[in-house]
Amino acid sequence: MAEIPAVPLTLEGSFVLHQMFRLRRPEWRALEERHAAQIVEEGARALSGIEQRRPAEAHPNQSAVYSLIGHKGDLLLVHFRDSIEDLHRAELSLAHLKLFDYLEPVHSYLSVVELGLYESSAKTYAQLIEQGLEPHSPEWNTAVADVIARQSVAMEPRLYPEIPGARYVCFYPMDRKRGEQKNWYMTPMPERQRQMHEHGLIGRRYAGSVRQIITGSIGFDDWEWGVDLFADDPLVFKKLIYEMRFDEVSAVYALFGSFYVGLRIPAAGLPRLFDGSFA
Amino acid sequence: MAEIPAVPLTLEGSFVLHQMFRLRRPEWRALEERHAAQIVEEGARALSGIEQRRPAEAHPNQSAVYSLIGHKGDLLLVHFRDSIEDLHRAELSLAHLKLFDYLEPVHSYLSVVELGLYESSAKTYAQLIEQGLEPHSPEWNTAVADVIARQSVAMEPRLYPEIPGARYVCFYPMDRKRGEQKNWYMTPMPERQRQMHEHGLIGRRYAGSVRQIITGSIGFDDWEWGVDLFADDPLVFKKLIYEMRFDEVSAVYALFGSFYVGLRIPAAGLPRLFDGSFA
Amino acid sequence: MAEIPAVPLTLEGSFVLHQMFRLRRPEWRALEERHAAQIVEEGARALSGIEQRRPAEAHPNQSAVYSLIGHKGDLLLVHFRDSIEDLHRAELSLAHLKLFDYLEPVHSYLSVVELGLYESSAKTYAQLIEQGLEPHSPEWNTAVADVIARQSVAMEPRLYPEIPGARYVCFYPMDRKRGEQKNWYMTPMPERQRQMHEHGLIGRRYAGSVRQIITGSIGFDDWEWGVDLFADDPLVFKKLIYEMRFDEVSAVYALFGSFYVGLRIPAAGLPRLFDGSFA
Amino acid sequence: MAEIPAVPLTLEGSFVLHQMFRLRRPEWRALEERHAAQIVEEGARALSGIEQRRPAEAHPNQSAVYSLIGHKGDLLLVHFRDSIEDLHRAELSLAHLKLFDYLEPVHSYLSVVELGLYESSAKTYAQLIEQGLEPHSPEWNTAVADVIARQSVAMEPRLYPEIPGARYVCFYPMDRKRGEQKNWYMTPMPERQRQMHEHGLIGRRYAGSVRQIITGSIGFDDWEWGVDLFADDPLVFKKLIYEMRFDEVSAVYALFGSFYVGLRIPAAGLPRLFDGSFA
Amino acid sequence: MAEIPAVPLTLEGSFVLHQMFRLRRPEWRALEERHAAQIVEEGARALSGIEQRRPAEAHPNQSAVYSLIGHKGDLLLVHFRDSIEDLHRAELSLAHLKLFDYLEPVHSYLSVVELGLYESSAKTYAQLIEQGLEPHSPEWNTAVADVIARQSVAMEPRLYPEIPGARYVCFYPMDRKRGEQKNWYMTPMPERQRQMHEHGLIGRRYAGSVRQIITGSIGFDDWEWGVDLFADDPLVFKKLIYEMRFDEVSAVYALFGSFYVGLRIPAAGLPRLFDGSFA
């Protein structure tokens with residue numbers, strides 16, 4: 001009987017770009033007040049335009065503005081789009097605004113909304129092998145493409161999500177460890193499936209208070225995944241991630257990058273933010 | 001019988017922001033003297049205003065100013081507040097002062113005062129399991145919420161502390177190691193409880209000469225905890241941390257970030273500090 | 001009988017230089033509009049000149065322009081040339097353009113197109129040893145040089161490739177791990193050959209949708225290899241690399257550097273790009 | 001019988017600040033010549049004042065100036081003082097000189113002269129335990145304080161040293177490794193004592209040609225110790241450290257930071273140094 | 001019988017400083033053309049003066065200029081001198097040229113030409129122990145000093161080499177690994193000798209096409225050794241280092257830093273280089 005493939009099926013949706021900017025404060029402060037006001041209002045108008053769900057489009061394709069806490073940056077923009085080209089278009093048109101002469105890009109992250117299908121991969125692979133199909137044979141590929149197509153339709157709202165309206169965002173990238181003894185990618189599929197299942201149970205307990213969007217970034221950026229958490233009470237970020245850290249898949253296999261915490265700002269509130277206050 | 005949860009209960013209190021700034025010395029020195037004096041006095045007034053315990057508020061919600069030793073920065077501001085929004089408000093309003101055009105933010109740390117309840121977690125979990133409760137069942141959650149509520153009241157002064165008046169501060173972030181063989185998060189609860197207990201005994205021997213505030217930063221910043229030590233004799237920082245380094249939980253599981261050492265400066269002393277001297 | 005050499009034969013072709021630039025936006029934006037237009041048109045003309053296959057030369061010796069997504073840079077130039085001197089000539093003559101006063105070099109990568117000959121190394125080494133030749137003896141060296149000469153002719157189009165016209169590029173550097181237990185360079189030749197063979201099978205399944213160019217950089221830059229993927233659908237980058245990550249040679253032995261994703265821009269489109277849009 | 005404490009006794013003396021500066025050469029060179037001369041002479045006078053043993057003080061409390069080799073910095077100042085406050089006072093008063101507008105602080109290191117008492121810790125602990133004393137009991141603490149007081153008096157010249165007059169300095173920070181298998185802080189006291197003893201024997205063979213000052217920096221800076229070597233023949237730095245690297249305590253447990261090599265410059269020679277030459 | 005010392009004898013010769021500079025292109029380009037020409041010609045004259053073998057000195061004491069490929073720098077200067085003071089003198093006098101206001105020092109490396117005497121150490125140690133001498137006894141030291149003195153004379157041309165005239169240079173620093181299981185410095189002397197011998201055999205096969213200069217930097221810079229390879233065909237760098245990577249001493253124990261590749265430029269060619277072309 002053929003060997004079960006090691007690679008779980010994944011669904012992909014919106015491409016996502018996180019942009020972190022630092023305000024060049026001394027240069028900004030040197031501007032004549034009325035001039036500064038015009039610049040920030042132009043910026044606010046442009047950002048307001050991409051903050052809303054795009055009426056003419058099938059998917060939300062929104063952007064959101066966050067004010068970052070601490071020295072890692074002043075502004076975080078998060079863009080969801082149907083393609084990398086659309087993301088790049090947004091990036092270039094913002095860079096062309098006068099406001100962005102005063103915003104230094106200090107970090108960014110490119111990824112795509114991803115749903116990992118550990119359970120249905122296991123089921124699908126088992127069925128196809130029972131049917132005597134050889135992995136990667138044309139029949140196998142057709143059957144797998146079928147599963148993916150069906151699931152993509154069913155999952156569409158989660159694949160192309162609106163940006164949650166929560167007050168706080170927490171973003172961080174992560175990898176699965178490939179250590180000399182503990183190597184996620186050499187762990188057998190059923191064991192990975194079991195650990196991911198338990199991992200999911202924790203997340204479910206927080207479903208009411210935090211919204212999580214996982215994006216895949218293998219081939220796009222320097223870590224394997226990006227995680228966005230959205231919540232009104234930021235303490236939940238700590239509670240959830242601390243609890244997960246004792247979970248086997250995180251305790252043993254997770255590597256984390258930098259954490260960014262931001263407060264949602266309506267684009268129209270940008271002039272106020274640049275004046276030193278927020279809602 | 002149900003399995004004891006791996007996650008110890010924690011109490012959270014004030015949110016804390018550490019801000020490290022470097023003085024843009026050449027730009028500052030280029031200012032006309034009277035102008036510089038006005039700028040630093042305006043800054044000193046603003047900082048004086050947030051240095052005191054807030055009379056109208058239940059918790060101290062103070063800020064403190066430290067002059068940093070060495071090249072890692074010139075000024076350290078430490079803010080304790082009831083929420084991240086309050087921290088961000090403080091951060092933005094300071095950034096809006098003219099003084100902060102000459103202060104480059106070089107580092108920061110976002111965390112929340114945390115008390116880890118290893119002992120009472122163990123007791124509580126044992127009791128609830130003896131009562132036949134299932135972890136995370138509604139009854140379990142109610143019972144746990146009860147313990148947390150009671151302890152939070154009892155611990156309030158430690159959860160929302162005044163900033164100790166000591167002459168020196170030492171701040172550093174830390175992680176618990178998740179190595180291939182030595183992994184804190186895979187260590188059984190009773191073993192962790194034992195190690196934390198021994199760790200606490202060392203701290204207690206230094207109680208008279210150093211005050212320690214532990215803040216949790218999982219989900220908020222790049223390390224898992226931040227540690228602030230406050231003492232009049234800075235040699236105690238070395239003695240305490242060196243002794244702890246031989247302690248099992250530190251020797252085997254602790255990873256440390258950068259250490260920042262500062263001298264407490266009353267906000268009103270800022271003009272003097274900018275003139276090159278301190279009390 | 002003599003021991004089989006551990007080092008696989010490799011063929012080398014074009015030398016390759018990747019250059020990543022960040023646009024000094026504030027300085028660029030401060031230029032008078034007509035002046036900026038002249039500068040970018042001069043740059044576009046120069047880049048157009050090296051974008052085409054060089055008619056008088058045996059090998060394509062092309063350059064290509066990509067607009068980078070995110071903060072890692074704004075422009076990626078990729079040059080294929082017959083020698084490092086030719087690459088350096090291109091680098092210097094571009095640096096001499098006025099446009100490059102506004103382009104800060106933030107990263108680069110020097111490497112050479114490489115084809116690893118695991119299969120034919122194994123065959124050749126086995127034959128020569130059967131013939132009783134001693135590795136590195138003059139007869140051995142002559143025989144090996146022969147194999148390399150023949151293969152180089154056969155592989156010429158792959159050794160001196162045209163730059164694929166695909167819409168997207170993904171570039172990243174990588175190493176083979178030399179860990180304390182898992183050390184690629186101490187793994188026996190047949191085992192490495194087996195793993196590389198399986199690795200190649202995955203690549204072959206993506207042959208229709210992605211073009212891959214491997215370059216070697218041992219002795220030239222900070223990683224051992226550079227990988228360029230070219231595709232019209234960037235999702236394929238993720239699919240391919242994710243699938244390969246479960247492959248033994250990648251799961252156990254691969255270390256990856258930063259990933260750069262860019263959109264192909266015809267050099268003649270540079271003025272448009274600097275105006276904030278692309279095709 | 002009580003367990004022997006793991007922590008060796010240490011003696012502490014002068015606090016030490018290393019400051020590494022880079023000359024902002026273009027800004028410095030843009031100065032009008034006479035103006036530059038005045039600035040550097042004022043700086044030289046101030047540094048000359050703190051270069052000498054302080055006549056009114058019990059301890060030398062000196063500073064020294066070194067010209068650094070290579071790109072890591074241009075100037076290294078080393079200050080020995082009785083307290084961190086005194087170090088900070090020196091730091092602030094230097095920063096206030098016009099010269100320091102042209103000196104960018106690129107690195108620094110805060111530490112305290114430390115003598116580790118492995119031998120006498122072992123003896124003292126053994127005696128006290130034989131006397132039936134409990135570690136950390138009041139009687140134990142008194143006895144230990146006694147040992148420290150006596151040794152501090154005996155060691156005073158080594159605890160508060162003059163800065164050796166040697167032509168070259170070599171400074172580097174170091175840690176003791178806490179690996180998963182090799183962990184200095186989990187190594188039994190007698191074994192650490194044995195290794196430190198052998199380590200000391202090597203140092204003693206170089207006593208005639210190199211002077212070594214060890215400073216502890218746990219709780220003060222990012223490494224556990226700082227090492228200063230002073231010698232007239234810099235080749236001795238290499239000979240000594242290479243020989244020590246084969247020593248068990250270094251081979252297995254030492255982690256090293258950056259190495260800084262400087263040439264001693266009398267403060268009065270600073271104008272000459274800024275003119276491009278030295279004695 | 002006494003134990004054989006673990007430390008191999010080494011011979012030292014010229015001190016070497018590598019300096020990597022980045023041209024401040026926008027500032028350079030802003031210069032009036034005739035002014036720029038004067039500046040670069042003054043620089044070329046000064047560098048020409050130190051490029052030649054010093055006629056009045058016993059050792060060559062030369063400097064060489066390389067144009068670096070890629071973003072790591074624009075210019076590499078390599079200086080060989082009899083002492084660190086002589087290197088520092090060269091460094092300071094170059095820094096004083098107007099040209100160097102436009103050259104930002106981005107990296108450097110300080111080391112000393114080193115010949116490791118594994119074979120003759122083994123022989124010498126064995127003889128002396130057979131003669132009943134105790135390591136580090138006065139008789140032992142005299143005998144060892146004798147060997148070093150004799151070998152230093154014999155090896156003088158290799159200890160104080162002329163800078164090879166080859167078209168390309170490749171420079172990189174390296175360490176020997178001190179891992180938890182694989183630790184070069186805990187490997188017995190005969191085993192290290194065997195591995196170094198095999199390592200040398202590979203080098204010898206490339207003797208005709210590449211010249212290698214090893215410099216030791218323990219106690220001088222951040223890695224243990226610096227390696228310079230000189231060749232007319234840069235592909236040889238890759239061939240040689242790739243082959244060595246499979247060698248036990250490299251595969252298991254070598255850690256590599258950044259690689260710098262440069263093209264030799266006669267100092268007199270500097271004005272042409274600054275004009276954007278080379279020979």
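Begin by selecting E180(E): of the residues of chain E, this one comes closest to the rotation axis, with its C-alpha at 6.8 Å. The model is a predicted one, in which local features need pLDDT of at least 70 and side-chain atom pairs count only at pLDDT 80 or more, while totals for chains, interfaces and linings use all residues. Residues are numbered from 1 along each chain as its sequence is written, chains are lettered from A and ligands numbered from 1 in the order in which they are written, and side-chain values use heavy atoms, with hydrogens and water left out.

**The axis seen from chain E**

Two copies of a chain are related by a rotation about an axis and a shift along it. Display chain E with chain D: a rotation of 72° with 0.0 Å of shift along its axis superposes chain E on chain D, with an RMSD of 0.0 Å, the superposition being by least squares on the C-alpha atoms of residues with pLDDT of at least 70 in both copies. Only 5% of the interface residues of chain E are also interface residues in chain D, so the copies meet through different surfaces.

**The interface of chain E and chain D**

Now colour the residues in contact (heavy atoms within 4.5 Å); 43 residues of chain E are in contact with 46 residues of chain D. The two chains bury about 4000 Å² between them, 58% of it on carbon and sulfur atoms, where buried area is the accessible area (1.4 Å probe) that two parts lose on being put together, summed over both. In chain E, select R178(E), E180(E) and I218(E), which lose the most area to chain D and together account for 18% of what that side buries.

Next, turn to the charged pairs, for which a salt bridge is a side-chain nitrogen of Lys or Arg within 4 Å of a carboxyl oxygen of Asp or Glu. Between chain E and chain D the count is 8 salt bridges, and one to pick is that of E12(E) with K239(D), whose closest N and O atoms are 2.9 Å apart.

Which elements give two or more residues to the side of chain E that touches chain D? They are strand 1 (10-23), helix 3 (84-95) and strand 4 (103-116) of chain E, with helices (H or I, at least four residues) and strands (E, at least two) taken as DSSP runs numbered from the N terminus. Helix 3 of chain E gives the most to this side, with 8 residues.

**A stop inside chain E**

Move to A166(E), in the loop between helix 6 (156-159) and strand 5 (168-176) of chain E. Is this residue buried or exposed? A166(E) is buried, with a relative accessible area of 11%, where buried means under 20%, exposed over 50% and partly exposed in between (1.4 Å probe, protein chains only). Leaving aside residues up to four places away in sequence, A166(E) touches F230(E), A231(E), D232(E) and R264(E).

**Chain A and chain C**

Select chain A and chain C, where a rotation of 72° with 0.0 Å of shift along its axis superposes chain A on chain C (RMSD 0.0 Å). That is the relation of a five-fold axis. In chain A, the C-alpha nearest the axis belongs to E180(A), 6.9 Å from it.

At this interface, 43 residues of chain A are in contact with 46 residues of chain C, and the area buried is about 4000 Å², of which carbon and sulfur atoms give 58%. R178(A), E180(A) and I218(A) supply 18% of the area that chain A buries against chain C, more than any other three residues. The count of salt bridges between these chains is 8, and one to display is where the side chains of E12(A) and K238(C) meet (2.6 Å, N to O). Helix 3 of chain A gives the most to the side of chain A that touches chain C, with 8 residues.

**Chains that stay apart**

Finally, show chain A with chain D, which do not touch, their nearest C-alpha atoms being 13 Å apart. Chain A and chain E likewise do not touch, and their nearest C-alpha atoms are 13 Å apart.
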